Amino acid sequence: MVDFTSDCQNCAALCCVALAFDKGDMFAFDKPAGVPCQHLNGPLCNIHTKLEAESLKGCVQYQCDGAGQRVVQEVFAGQSWQDTSALLPPMLEAFAQMRQVHALLLLLNSAKALPLPEAQLAELKNLTLQLSPEAWTPESLASFERSNLPQTVRAFFQSLKNFLPQR
Ligand code: SF4
């Protein structure tokens, strides 16, 4: 069962390194992608309890949908780039790929609520299985990214619009 709840305790602050943000309503300063945030202190944010007061609403609202801890715990067996700096590039790559996997799984999960005929239900199950190996590895995530699975899932989801409830 995939856990889509962000679990920062079991992550390695991947979002605080991977993501870029721009100074504005949601963020108090600019941060480029792939660079640790200036407030990152070990695995933790040193202003975690006052993000809103520090004009960092974007940090409060961001959810990785469970991708971060899965990369650390499942793909890298609990290791962190903070102990082994050479792990940073592959962990960031895996984080981007896992965010995509989880976004597609969430799309498929939302389709489960629709009144689908058997053929579509079978395809939904098939695509979900393809996105749910026993354990992801850096290699399998890279293969996923190179494959046409992301486009196939999106096209399948689009094809379900006739099954949406009519207003
Ligand atoms: S302010 Fe804190 S939560 Fe936001 S990116 Fe920086 S370290 Fe992460």
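How do the axes of helix H5 and helix H7 cross, and within what distance do they come? Before the views, two notes on the model. Residue numbers start from 1 along each chain, in the order its sequence is written. The model is predicted, so local features need pLDDT of at least 70 and side-chain atom pairs count only at pLDDT 80 or more, while totals for chains, interfaces and linings use all residues.

**View 1. Helices H5 and H7 cross at roughly 150°.** The axes of H5 (residues 118–130) and H7 (residues 149–159) come within 11 Å. This makes the two helices roughly antiparallel (an angle over 145 degrees). Axes here are lines fitted to C-alpha atoms over the stretch in contact, with angles from 0 to 180 degrees between N-to-C directions; helices are DSSP runs of H or I with at least four residues, numbered from the N terminus.

**View 2. Glu123, Leu127 and Gln130 of H5 meet residues of H7.** Their partners are Leu149, Thr152, Val153 and Phe156, where contact means C-beta atoms, placed from the backbone, within 7 Å. By class, the contact holds 4 nonpolar, 2 polar and 1 charged residues (nonpolar: Ala, Val, Leu, Ile, Met, Phe, Trp, Tyr, Cys and Pro; charged: Asp, Glu, Lys and Arg; polar: the others, Gly among them).

**View 3. A shell of residues surrounds the ligand.** Look for Cys16, Cys37, His39, Leu40, Cys45, Ile47, Leu56 and Cys59, each with its C-beta atom, placed from the backbone, within 6 Å of the ligand. The shell divides into 7 nonpolar, 1 polar and no charged residues.

Definitions and conventions
Angles under 35 degrees count as roughly parallel, over 145 as roughly antiparallel, 65 to 115 as roughly perpendicular and the rest as oblique. Two residues are in contact if their C-beta atoms, placed from the backbone, lie within 7 Å.
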